[in-house]
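Notebook open, structure loaded. I'm jotting down what I look up as I go.

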Amino acid sequence: MTMVRKGILAFAVSAALGLSPVLRADVLIGVAGPHTGPNAAFGEQYWRGASQAAADINATGGINGEPVKLIKGDDACEPKQAVAVANRLVDQDKVAAVIGHFCSSSTIPASEVYDEGGIIAITPGSTNPQVTERGLTGMFRMCGRDDQQGQVAADFIVDTLKGKRVAVIHDKDTYGQGIADSARAQLAKRGVSAVLYEGLTRGEKDFNALVTKLRGANVDVVYFGGLHTEAGPLLRQMREQGLTASFVSGDGIVTDELVTTAGGPQYVKGAFMTFGADPRKIPEGQALVEKLRAGGYEPEGYTLYAYASLQALAAAFNATGGTDAEKASEWLKSHPVTTVMGTKEWDDKGDLKVSDYVIYEWDDQGKYHQK
């Protein structure tokens with residue numbers, strides 16, 4: 001018998017006995033991110049992961065016996081729109097928690113709204129350090145930080161690629177510039193000063209002038225802080241102009257859409273990126289991966305991160321017997337949670353205690369593999 005039918009039956013029995021029926025209420029969870037626009041691939045990953053988690057949690061009794069219902073919040077990776085979405089989720093939809101956002105430039109202002117509204121939030125993919133450095137007690141992440149990710153990339157550039165003339169390019173966004181600056185700082189610590197440091201504008205597609213500068217600087221490695229929407233065209237134009245420098249980026253290009261924006265797998269071949277150890281290979285998540293693949297969906301990128309985020313919220317709410325954000329936050333900071341990505345633990349800031357960034361390489365089939 002489904003939860004809904006059980007609820008209707010309980011209502012009817014209570015009414016027949018002259019008792020005051022106890023109405024079941026959905027536990028409303030917002031899933032906020034770029035569900036439309038050029039970065040919608042990441043919003044799709046969030047929604048797929050969270051939706052499957054909700055279905056699986058509901059199949060085993062829900063949260064404190066009540067079913068989970070997801071509410072989509074589309075911010076299109078635009079900060080102002082993210083704030084509007086956050087206000088709607090808090091004031092109108094009355095959500096108990098939020099999974100989101102994706103772009104750090106959206107997560108940071110939106111989280112201020114959640115904090116004021118007493119709502120716990122966990123982001124599967126926002127990596128800028130400031131997400132958790134502002135003293136917000138109810139802000140968590142299921143991913144690492146840019147100061148961790150940038151260091152891994154820089155060390156790879158120095159130790160493996162033997163980069164000497166490195167260009168650092170970013171998209172002027174909170175995430176893109178933040179991760180680029182992190183990599184640049186670590187490069188400097190390793191004795192490699194960037195020969196070129198420049199920003200491009202999100203939404204642009206013609207980077208030929210920038211590529212000319214890169215060629216003129218005789219770079220052997222290009223590090224890019226940004227998303228696949230700009231990384232793809234930049235990569236293609238580098239190769240079309242004969243620039244063979246190695247290309248390294250971060251988790252903002254962890255989507256098959258990179259191949260589309262680049263114009264084909266031949267342009268992404270040999271590109272490198274940092275991302276967490278492939279969650280699809282973690283033993284605890286194998287059954288879920290097989291289930292999603294059987295349904296025709298490849299759980300790439302942040303799909304399992306979103307699933308694990310809802311698992312964490314459910315664990316905290318079940319353990320504390322309600323949806324009080326303060327109680328749930330305190331519990332998460334003092335208890336490990338078993339997820340499809342393994343056991344996760346958080347520190348007092350809401351950051352994971354263990355980060356597992358590694359290097360991936362794109363092949364000539366347009367697929368990425370952990371090195």
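Is Gln-45 buried or exposed? I get a relative accessible area of 0%, so Gln-45 is buried; the cut-offs are under 20% for buried, over 50% for exposed and partly exposed in between, with a 1.4 Å probe on protein chains only.

Before going on, a note on the source: this is a predicted model, where local features need pLDDT of at least 70, side-chain atom pairs count only at pLDDT 80 or more, and totals for chains, interfaces and linings use all residues. Residues are numbered from 1 along each chain as its sequence is written, and side-chain values use heavy atoms, with hydrogens and water left out.

**Entry: around Gln-45**

I find Gln-45 in helix α2, residues 40–59. Helices (H or I, at least four residues) and strands (E, at least two) are DSSP runs numbered from the N terminus. Leaving out residues up to four places away in sequence, I list the contacts of Gln-45, among them Val-254, Tyr-297, Glu-300, Tyr-302 and Ala-306. Contact here means heavy atoms within 4.5 Å.

**Entry: whole chain**

I count 13 helices and 14 strands. The radius of gyration is 22 Å, close to the 21 Å of the globule rule for 371 residues, so the chain is as compact as a globular protein of that length. That radius is taken over C-alpha atoms, and the rule is 2.2 Å times the number of residues to the power 0.38. The C-alpha trace spans about 85 × 40 × 35 Å along its principal axes. Of the 371 residues, 56% count as buried. Among contacts with a separation of 6 or more, 70% come from residues 24 or more positions apart.

**Entry: the sheet**

I trace seven strands in an open sheet with mixed pairing, ordered β7-β6-β8-β9-β10-β13-β14. β7 and β14 (368–370) are at the edges with a single partner strand each, so one side of each has no neighbour in the sheet. On average, neighbouring strands are turned by 25° against each other, direction ignored. Two strands pair if DSSP finds at least two bridges between them. β10 (272–276) and β13 (357–362) pair in the antiparallel sense over five bridges, and Met-273 stands opposite Tyr-360 in β13.

I also checked α8, which lies across β8 and β9 (246–249) and runs at about 175° to β9. Axes are lines fitted to C-alpha atoms, for helices over the stretch in contact, and angles run from 0 to 180 degrees between N-to-C directions.

**Entry: helix α7**

Which residues of α7 (208–216) are buried? I get Leu-210, Val-211 and Leu-214. Asn-218 follows α7 with a positive phi, near 55°.

**Entry: cysteines**

Taking a disulfide as a pair of cysteine sulfur atoms within 2.5 Å, I count one. Cys-77 is joined to Cys-103, S to S 2.0 Å. The two are 26 residues apart, Cys-77 in the loop between β2 and α3, Cys-103 in the loop between β3 and α4. The S-S torsion is about 85°, so this disulfide is right-handed. Cys-77 is buried at 2%, and Cys-103 is buried at 4%.
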